[in-house]
Amino acid sequence: MPFAIVTLLLSVGLLLIGHGIQLSLLPLHASSLGWHESFISVTAASYFIGFVLGSLFTARLLVLAGYIRVFLTLAALLAVVILCLSLIQNPYAWVLLRLVTGCCIAGVYLCTESWVNAVSNGVNRGRFFAVYSLVTLLGIGIGQMLLGVFQLNVLFQLCAIFMLLALIP
């Protein structure tokens, strides 16, 4: 497997560990703040609206800035947003921040999958995407397993750390 694919998959894996943490962390934290379940659902819906929007605008960003810049920007923005979510206890701000999170995650997926597609050929594309799928599921799964190991306040920091570590490879 080419070094470029290995480093990309390492970055995606690290980022998705952080993403796996926040997928369950955010509803748990909102519940601990005493928010009503229906509003917690609104923040989750906002994430998925952002996911759709991110899917629509990331292709244009890739043309303008390229894979590396887009990936780095989205990963850094994800870390910033997760830290903001840990600091802000306003549910309406969370709706906006979760929207941004959805945009960024969709953008990361689109960027990564386009990048893998661009550097692969008909012979190895299936193998590369199989490994990518494995890394994706492992990253999210490992992140969710960390929920039972650390306290909520530490999990926000750990989530941001993994997202920022994704910038290194």
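Student: Quick one to start: is Tyr92 buried or exposed?
Tutor: Tyr92 counts as exposed, because its relative accessibility is 64%. Here buried means under 20% relative accessible area, exposed means over 50%, and partly exposed is in between, with a 1.4 Å probe and protein chains only. Bear in mind that this is a predicted model: local features need pLDDT of at least 70, side-chain atom pairs count only at pLDDT 80 or more, and totals for chains, interfaces and linings use all residues. Residues are numbered from 1 along each chain as its sequence is written, and side-chain values use heavy atoms, with hydrogens and water left out.

Student: Good to know. How many aromatic pairs are there?
Tutor: Eight aromatic pairs. Rings of Phe, Tyr and Trp (its six-membered ring) pair if their centres lie within 6.5 Å; planes under 30 degrees apart count as stacked, over 60 as edge-to-face and the rest as tilted. One of the pairs is Phe39 with Tyr92, which is edge-to-face, at 5.3 Å centre to centre and 75° between the planes.

Student: Where do Phe39 and Tyr92 sit in the chain?
Tutor: Phe39 is in helix α2 and Tyr92 in helix α4, 53 residues apart, and the pair links these distant parts of the chain. Helices are DSSP runs (H or I, at least four residues), as are strands (E, at least two), numbered from the N terminus. Phe39 is buried, with a relative accessible area of 19%. Both rings belong to one aromatic cluster, together with Trp35 and Trp94.

Student: And what about Phe51 and Tyr109, what kind of pair do they form?
Tutor: That pair is tilted: 6.2 Å centre to centre, with 55° between the planes. Phe51 lies in helix α2 and Tyr109 in helix α4, so the pair ties together parts that are 58 residues apart in sequence. Phe51 is partly exposed at 26% relative accessibility, while Tyr109 is buried, with a relative accessible area of 16%.

Student: Switching topic: which residues of α5 are buried?
Tutor: Phe128, Tyr132, Val135, Thr136, Gly139, Ile140 and Gly143. Seen down the axis of α5, the buried residues fall within an arc of 120°, so they line one face of the helix. That arc is taken from the directions from the helix axis to the C-beta atoms.

Student: What covers them?
Tutor: The cover includes α1 (3–32) and α4 (91–119). On the face turned away from the buried side, α5 carries the exposed residues Gly126, Arg127, Leu134, Leu137 and Met145.

Student: Which residues does Thr112 contact?
Tutor: Leaving aside neighbours within four places in sequence, Thr112 is in contact (heavy atoms within 4.5 Å) with Leu8, Val12, Phe71 and Tyr132. Thr112 is found in helix α4 and counts as buried, at 0% relative accessibility.

Student: Last topic, how many residues are in the largest nonpolar core?
Tutor: It has 48 residues, and among those with the most contacts inside it are Leu15, Ile21 and Phe162. Such a core is a set of buried Ala, Val, Leu, Ile, Met, Phe, Trp, Tyr and Cys residues joined through side-chain atoms within 4.5 Å.

Student: Which helix gives the most to this core?
Tutor: That's α1, with 12 residues. As for Phe162, not counting residues up to four places away in sequence, this residue touches Leu14, Leu15, Ile17, Gly18, Ile21 and Leu146.
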